[in-house]
Amino acid sequence: MNGSEPRPWLEDVEIRLLQPYQATKAYRCPGCNRDIPSGTGHVVVLPREAPDLRRHWHKGCWALDERRRGQPGGSRR
Ligand SMILES: [Zn+2]
């Protein structure tokens with residue numbers, strides 16, 4: 001089970017950037033499993049078909065994940 005796990009929320013998603021003043025609650029980032037404290041600008045990933053399943057990511061974690069997906073056969077160790 002390496003990297004082949006289905007992640008439907010990444011198929012057709014809308015990416016939104018949340019400004020620090022918009023982040024009024026703390027969230028859990030699925031990228032690193034750590035909290036995103038309120039007042040921290042971050043990324044909201046919104047599945048078009050399931051808006052209820054939106055995820056909140058650190059900007060850095062999302063960028064990392066995006067890069068990982070965007071580079072097939074990239075650094076894979
Ligand atoms: Zn994170």
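Q: What makes two strands a pair?
A: Two strands pair if DSSP finds at least two bridges between them. In this predicted model, the bridge partner of Arg 16 in E4 is Val 44.

Q: How do you know that E1 and E4 pair?
A: Six bridges join E1 to E4, and at least two are needed, so the two strands count as a pair. They run antiparallel.

Q: What makes E4 and E5 a pair?
A: Three bridges join these antiparallel strands. The cut-off is at least two bridges, so E4 and E5 pair. Val 44 takes part here too, with His 56 as its bridge partner in E5.

Q: Why is one side of E1 and of strand E5 (55-57) left without a neighbour in the sheet?
A: The open sheet of three strands has the order E1-E4-E5, with antiparallel pairing. E1 and E5 stand at the edges, each with a single partner strand, so one side of each has no neighbour in the sheet. From one strand to the next, the twist averages 25°.

Q: Why is Gly 41 called partly exposed?
A: Gly 41 has 14 other C-beta atoms within 10 Å. Buried takes 20 or more and exposed 12 or fewer, so Gly 41 falls in between and is partly exposed. Gly 41 sits in the loop between strand E3 (34-36) and strand E4 (42-47).

Q: Which residues is Gly 41 in contact with, leaving aside its neighbours within four places in sequence?
A: They are Leu 18, Gln 19, Pro 20, Ala 23 and Lys 59.

Methods: Residues are numbered from 1 along each chain as its sequence is written. This is a predicted model: local features need pLDDT of at least 70, side-chain atom pairs count only at pLDDT 80 or more; totals for chains, interfaces and linings use all residues. Helices (H or I, at least four residues) and strands (E, at least two) are DSSP runs, numbered from the N terminus. Two residues are in contact if their C-beta atoms, placed from the backbone, lie within 7 Å. Axes are lines fitted to C-alpha atoms, for helices over the stretch in contact, and angles run from 0 to 180 degrees between N-to-C directions.
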